[in-house]
Amino acid sequence: MVDQFLQYVEQHQNDFVERLRKAVAIPSVSADPDRRQDVFRMAEFLIEELKAVGAINVETRDPGTQDFNGTTLPLPPIVVATVGNDPAKKTILVYGHYDVQPALKEDGWATEPFTLVEDEQKRLIGRGSSDDKGPVLGWINVVEAHKSLGIELPVNLKFCLEGMEESGSVGLEEIVYSEASQYFSDVDTVCISDNYWLGTTKPCLTYGLRGVSYFHMTVQGPARDLHSGVFGGTVHEPMTDLFAIMSKLVAPNGRILVPGIYEQVRPLTDDEEKTYDNLAFEMHELHDAVGSKVNIHDNVRHVLQHRWRHPSLSLHGVEGAFYGPGDKTVVPARVVGKFSIRTVPDMTPEKVTELVLKYVNEEFAKLGSKNTMNIVCSHAGDHWLASPDHWTYVAAAKAVERVYNVKPDLTREGGSIPITLTFQDALKRNVLLLPMGRGDDGAHSINEKLDRSNYVEGTKLLGTYLYEVAAASSE
């Protein structure tokens, strides 16, 4: 039956590309209020596609409304659906999102961003092709193939598709927790295809993500902006204080200067060290992604360790400062410095916030400034780590070998996908990250693409994974 499925996908790949073309044509940009109706339109498209391939209990959950800069906007629905309800089979919950990042031709796109174009290299170029419409449709392709062949899926499949992932997944967490004992009560494991291969040549399975704690540090002094010619040298300037503190957060070599941070980090074991052997990644891929050779570390092992399993602190910007072209001799009355810490096992958001606030307040006191300073953690998402020895990962590895004839890399990622931890905590089930696209897809950039081969072979992988899951022992 697996061979029949694989053959069907190969023979119907043009139909699958056409399905993706229709999806990309819907500009479902969640961050743009003018496109909110298009996000709803994309939800309707998926509902119709799911019904067409035989899904049952295709329903929506209403996350409510959103306050968008003073305007109340309706949140797009969470789409849920079921394929198969055999209690003798395992049940797999599939998560994906149908909203996309903003995209304009004038941003530098070589083609119209919401028109899927296949170039000479067989790359499917268009906003959302890789993130995340291609993978979502990959699952629908799998269901269609089995329906057309008259073959039951080897497992029960449940869908959870949201339309606000690119805007913070507003409203999703509450629904996942409320449905944990309802619609999702019989789920055995969760599969997410919303990340990417480490490089461009070899599939991977991802079992870890860093968390993120984001901080706003506000320094305020004068009642209004001042003229530097009149007041420079006579008052404590908020920007000077802010820069003095921010310069003490992280060293140029990337080392975090906040005391106590590294004491929380789980030590690197010999077994973990071995997981960095023979990964399909080369230094030139880092250089290509960055566009320059500004790397801190000079070998792949240390680059990946500092991306995946060590914390980092990044300075992001200053709100309230002059940033336009030309010269302006203003002394800002109030400035807000923004920075974040990417967290790893065994750091906790609460402890990170405690250490940062203590250190920043102590350093500000040393300045002897008459300005006021306030620092808050605006958002804290925990890290996530699964076991690659879990049966769902073993099944996925076998599926990769079946489709690609190679053992997958086992990877972690430096970014965060908060919903991963939500599913794990709410459902008390293992979560697998099974990427479809390559590391150079440019998901949030111009000319986002999904290689045709990744779309087709990725669809084969998703389906084959279901067969391997069905055969796996869940002991």
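Author: A residue is called buried when its relative accessible area is under 20% and exposed when it is over 50%, and what falls in between is called partly exposed. The model discussed here is a predicted one.

Reader: Why is Arg301 called partly exposed?

Author: The relative accessibility of Arg301 is 26%, and a residue would have to be under 20% to be buried or over 50% to be exposed, so Arg301 counts as partly exposed. Glu273 also has a relative accessible area of 26%, and is therefore partly exposed.

Reader: What makes Glu273 and Arg301 a salt bridge?

Author: A salt bridge asks for a side-chain nitrogen of Lys or Arg within 4 Å of a carboxyl oxygen of Asp or Glu; the closest N and O atoms of Glu273 and Arg301 are 2.8 Å apart, and the pair forms a salt bridge. Glu273 belongs to helix H8 (residues 270-274) and Arg301 to helix H10 (residues 300-308), so the pair ties together parts that are 28 residues apart in sequence.

Reader: How do you know that the side chains of Lys158 and Asp186 meet in a salt bridge?

Author: The N to O distance for Lys158 and Asp186 is 3.0 Å, to be set against a limit of 4 Å, and the pair is accordingly a salt bridge. This pair links distant parts of the chain, with Lys158 in strand S8 (residues 156-162) and Asp186 in the loop between helix H5 (172-179) and strand S9 (189-192).

Reader: Are Lys158 and Asp186 buried or partly exposed?

Author: Lys158 has a relative accessible area of 10%, which is under 20%, so Lys158 is buried. Asp186, at 38%, counts as partly exposed.

Reader: How many salt bridges does a search of the whole structure find?

Author: The search finds 31 salt bridges. One of them joins Lys338 with Glu319, where the closest N and O atoms are 2.9 Å apart; Lys338 lies in strand S15 (residues 334-343) and Glu319 in strand S13 (residues 312-319). Elsewhere, salt bridges with shared partners join Arg438, Asp440, Asp441, Lys449 and Asp451 into one network.

Reader: What makes a set of residues a nonpolar core, and which residues have the most contacts inside the largest one?

Author: The set must consist of buried residues of the nonpolar kinds, joined through side-chain atoms within 4.5 Å. The largest nonpolar core has 93 residues, and those with the most contacts inside it are Leu157, Phe159, Phe423, Leu427 and Tyr465. Helix H12 (residues 391-404) gives the most to this core, with 9 residues. Apart from it lies another core, of 28 residues, including Met239 and Phe364.

Technical notes
Residues are numbered from 1 along each chain as its sequence is written. This is a predicted model: local features need pLDDT of at least 70, side-chain atom pairs count only at pLDDT 80 or more; totals for chains, interfaces and linings use all residues. Side-chain values use heavy atoms; hydrogens and water are left out. Helices (H or I, at least four residues) and strands (E, at least two) are DSSP runs, numbered from the N terminus. Buried means under 20% relative accessible area, exposed over 50%, partly exposed in between (1.4 Å probe, protein chains only).
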